[in-house]
Amino acid sequence: MKVLANSKTISGRLTRMNLLVSGTVLVLAALAFFSYDLISFRQSLVRSLETEAQIIGANSVSALTFNDPQSAEMTLQGLRRSPDVRYAFITVDGGATFAQYRAPGVDAEIEPIPLGPREVERDWVSGRHVLIAHRIVFQGNSLGVVYISATLQEIGRRARHYLLITALILLFCMAAALIISGVSQQLVAQPIVLLAQTARAVSRRKDYSVRAAPSEGSREMADLTGAFNDMLEQIEQQNEALSDARDELELRVQERTAELRAANRELEAFSYTVAHDLRGPLDSIAGIAFILAQTGAEPRDEETAEMIERLKISTQNMAALIDDLLNFARAATVTLKTDEVDLTAMATAIAEDMKTSDPKREVEFQIAELPKVRADAGLMRVVMDNLLRNAWKYTSHHAKACIEFSAKVQSGQIVYFVRDDGAGFDPQRAKELFEPFHRLHSKSEFPGTGVGLATVQRILARHGGRIWAEGRVEKGATFYFTI
Ligand SMILES: Nc1ncnc2c1ncn2[C@@H]1O[C@H](COP(=O)(O)OP(=O)(O)O)[C@@H](O)[C@H]1O
Ligand SMILES: [Mg+2]
């Protein structure tokens, strides 16, 4: 019954189809047989009743002629041998009953239905009874009519027999269908089930090396299994080719990355060397300018004094550029040494330093007490230095200024910020601030090299953080960063 219970399997469906078809055929055949039997039974019943009516008619001629009802009743008693006959009687021509017969236990009366003047024989079916009328004719004269009524109960009995036989055959068919479906499962469903299992294993494990077992059933199944295995073979080959191509690509990417890294390292080493080696000669030029300014021939003319002054300023600018470039190169190459860093203390020290370097300026510092953070102290010093000195520089055109260093929590992350109320910048160009040598203010307005913020961004990126800025012209600027 497993095949029937699981109606979604192929074998289950085959079984149900088998049962349905054979059941329908059987019921239709039984119905046809029954109808045929019903008609022929009725016909033969009517025929035998007619024969009996003729015999009774012939035997009753003398009884009718000599008005001897007892003899006619004797003749009617002969009907006892026909079990279907329930009631019979003879009427004389006028319609009055001459003689009658009743099967034991029958007391119903039947109204005689008159025959037409030339009618000799007729039969009627009413309900479960059939009625036969036969005219008794002697030497061309009608003497009377014989009526015989028989029951059709036999038909009901036959129907019950048919029902029983049909049910038995149906049961037998079901058993046969189950056996056939069992066999068909072996032949048809089993190979399909095996194929489906293989397909499932392939799709789950993505293992294209498995193969479906060759089918010994039908040729179609063998073809299907073969085609399926071919498909797997092709997929496997394509996969191999794909994975080879991917490996090759990865290798090439690795090679290119290594080349790029080497080139980058060379470039950084080069810029570091240039910056470092420029510092020496520059220091000696600055030294000579200083000595010239102190010990040169007196009295010195104004022109020479101005030239010496310009020489001093140029060397100072160049020294600042070289320092910035050195910091920029170092930010990329130096190995990180993380430590507990106190940004509050750092900011306070830088602020003090700036205030003593230019005591005339009126700048208020608001530095928040912040918890320590894990970072590289040397590099964080460069970050704080750049941001606070920028704030100091870009507020220098205002008589009074306020510079703030604090932090806030945003989306569960600490965001530090340095805010000032100075010159500000065009917010549309905020992204350019962090590109090396990009400056939003002219050198005559605010001196500088344009390398500071690029260095700051590099350092924060190496710590896994980032930096962004907000500002408006003459409305101050705020630099936010995470570590
Ligand atoms: N606090 C600030 N206020 C307004 N503009 C600023 C501020 N900080 C930086 N900038 C702008 O960003 C540019 C790049 O800054 P930076 O890299 O530090 O270079 P530098 O300070 O040498 O000019 C500056 O030239 C300036 O235009
Ligand atoms: Mg700067």
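Helices (H or I, at least four residues) and strands (E, at least two) are taken as DSSP runs, numbered from the N terminus.

I note that this is a predicted model, in which local features need pLDDT of at least 70 and side-chain atom pairs count only at pLDDT 80 or more, while totals for chains, interfaces and linings use all residues. Residues are numbered from 1 along each chain as its sequence is written, chains are lettered from A and ligands numbered from 1 in the order in which they are written, and side-chain values use heavy atoms, with hydrogens and water left out.

**Entry: salt bridges**

I found that Asp385 forms a salt bridge with Arg381, with the closest N and O atoms 3.9 Å apart. The term requires a side-chain nitrogen of Lys or Arg within 4 Å of a carboxyl oxygen of Asp or Glu. Arg381 counts as partly exposed at 35% relative accessibility; buried means under 20% relative accessible area, exposed over 50%, and partly exposed in between (1.4 Å probe, protein chains only).

I then turned to helix α5 (residues 219-295), which holds both Glu248 and Arg252, 4 residues apart. Their salt bridge has its closest N and O atoms 2.7 Å apart. Glu248 is partly exposed at 44%, and Arg252 is partly exposed at 43%.

I also looked up Arg374 and Glu340, whose side chains meet in a salt bridge at 3.3 Å, N to O. This pair links distant parts of the chain, with Arg374 in strand β8 (residues 373-376) and Glu340 in strand β6 (residues 338-341), 34 residues apart. Glu340 is partly exposed, with a relative accessible area of 46%.

I recorded a network of salt bridges that links Asp37, Glu154, Arg157 and Arg158. The search of the whole structure finds 20 salt bridges.

**Entry: the sheet**

I traced an open sheet of 5 strands in the order β2-β1-β5-β4-β3, with antiparallel pairing; two strands pair if DSSP finds at least two bridges between them. β2 (97-102) and β3 (121-126) stand at the edges with a single partner strand each, so one side of each is left without a neighbour in the sheet.

I checked the pairing of β1 (residues 85-92) with β2: the two run antiparallel and are joined by 5 bridges. Ile90 stands opposite Ala99 in β2.
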